[in-house]
Number of protein chains: 2
Amino acid sequence: MRKSLYMNILVPLDGSENSQKALLQACDLAKNHQGHLVLVYVVDKPLSLNLLDRKEYLGILRKFGNKVLIKGKEIAKNQGVDVTTIIKEGNISNEIVKLARNKKCNLIIVGSKGLGKTARFFLGSVSSKLANNSPCSILIVK
Amino acid sequence: MRKSLYMNILVPLDGSENSQKALLQACDLAKNHQGHLVLVYVVDKPLSLNLLDRKEYLGILRKFGNKVLIKGKEIAKNQGVDVTTIIKEGNISNEIVKLARNKKCNLIIVGSKGLGKTARFFLGSVSSKLANNSPCSILIVK
């Protein structure tokens with residue numbers, strides 16, 4: 001192969017069925033190509049909440065994100081795939097792009113639809129924002 | 001593997017360097033997984049031209065498209081990859097989605113940037129239009 005697509009695969013998780021589908025595809029690819037997975041949950045920082053509500057909201061999201069990552073790690077481990085988990089806070093696509101750059105990822109695998117707020121992200125902006133700014137290739141899993 | 005991503009790969013070509021990069025990636029994947037490539041060039045129908053200019057413009061694009069497909073086929077054949085070429089006319093993303101459905105493709109591989117008009121397509125709308133409407137997964141190659 002000209003360049004291994006599968007050495008270091010970044011999988012943004014959001015707890016949705018679609019991101020789980022992306023994770024399963026990533027496990028398959030990593031397993032078949034001795035690749036490593038980086039699972040990330042990005043806590044999307046809300047702008048329109050007052051300080052107190054914001055703190056509570058972020059706390060809930062962090063807890064949820066950690067659960068999602070623990071479950072994702074378990075799935076990968078069960079398939080014998082080498083995996084790292086990371087939780088980030090900020091703008092979802094910016095954080096994904098930054099992480100892909102820092103971790104020198106070769107591929108980002110995302111579901112084609114996400115949950116709630118992220119649905120917009122995965123359909124509208126990921127595609128264009130990630131396609132524009134990602135340092136590596138992107139696989140959108142259906 | 002849960003489901004072979006690489007059995008039948010659709011690669012929209014537009015003559016740009018980026019679509020050639022996508023083609024090379026598709027050749028690698030097809031070669032390594034005994035997959036088949038379907039190369040398509042979509043003649044984008046202009047709406048804002050008068051009938052005569054429109055006819056000439058379409059004629060030029062058809063010629064260009066055929067050249068792009070011949071070159072693409074040669075590249076795939078040289079790598080020992082089984083390949084079909086198809087030229088279509090209409091709205092680029094609609095035609096790609098229809099073809100992916102008709103040919104039961106498992107994966108669409110596109111460059112992250114295209115030429116001229118298609119640049120917009122590959123950055124803005126593919127991503128979202130294909131992600132929304134594609135019957136299969138999409139790999140956006142950087």
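## A guided tour of chain A

Chain A holds 4 helices and 5 strands. Keep in mind as you look around that this is a predicted model. Starting at the N terminus, the elements follow the order β-α-β-α-β-α-β-α-β. Chain A has 142 residues, and 44% of them count as buried. Among its contacts with a separation of 6 or more, 76% are between residues 24 or more positions apart.

**First stop: colour by confidence.** The mean pLDDT of chain A is 84, with 85% of the residues scoring at least 70. For the complex, the predictor reports an ipTM of 0.83 and a pTM of 0.86. Select strand β3 (residues 82–90) of chain A to see where confidence is highest, at a mean of 96. Then switch to helix α4 (residues 116–133) of chain A, where confidence is lowest, at a mean of 57. While you are there, pick residues 115–123 of chain A: pLDDT stays under 50 along this stretch, and the model gives it 23 contacts beyond four places in sequence.

**Second stop: strand β4.** Select residues 107–111 of chain A. Why can β4(A) be called largely enclosed by the rest of the structure? The reason is that 5 of its 5 residues are buried. Show the side-chain directions next: A:Leu107, A:Ile109 and A:Gly111 point one way, A:Ile108 and A:Val110 point the other way, and all are buried.

Strand β1 (residues 8–12) of chain A pairs with β4(A) in the parallel sense, over 2 bridges. To find this pairing in the viewer, select A:Ile9 together with its bridge partner in β4(A), A:Leu107. Strand β5 (residues 137–141) of chain A also runs parallel to β4(A), and 5 bridges join these two strands. Here, select A:Gly111 and its bridge partner in β5(A), A:Val141.

At 1.5 Å a residue, the 16 residues of α1(A) should span 22 Å, and the ends are 23 Å apart, which agrees.

Which residues of α1(A) are buried? They are A:Asn18, A:Ser19, A:Ala22, A:Leu23, A:Gln25, A:Ala26, A:Cys27, A:Leu29 and A:Ala30. Display what they pack against: β1, β2 (36–44), α2 (51–78), β4 and β5 of chain A. This brings you back to β4(A), whose residues 107–111 you have already seen to be buried.

**Last stop: just past the helix.** Select A:Gln34, which comes just after α1(A) and takes a positive phi of about 50°.

Key:
Residues are numbered from 1 along each chain as its sequence is written. Chains are lettered from A and ligands numbered from 1 in the order in which they are written. This is a predicted model: local features need pLDDT of at least 70, side-chain atom pairs count only at pLDDT 80 or more; totals for chains, interfaces and linings use all residues. A residue is buried if 20 or more other C-beta atoms lie within 10 Å of its own, exposed if 12 or fewer, and partly exposed in between; C-beta atoms are placed from the backbone. Two strands pair if DSSP finds at least two bridges between them. pLDDT is the predictor's confidence in each residue, from 0 to 100. Two residues are in contact if their C-beta atoms, placed from the backbone, lie within 7 Å. The expected span of a helix is 1.5 Å times one less than its number of residues.
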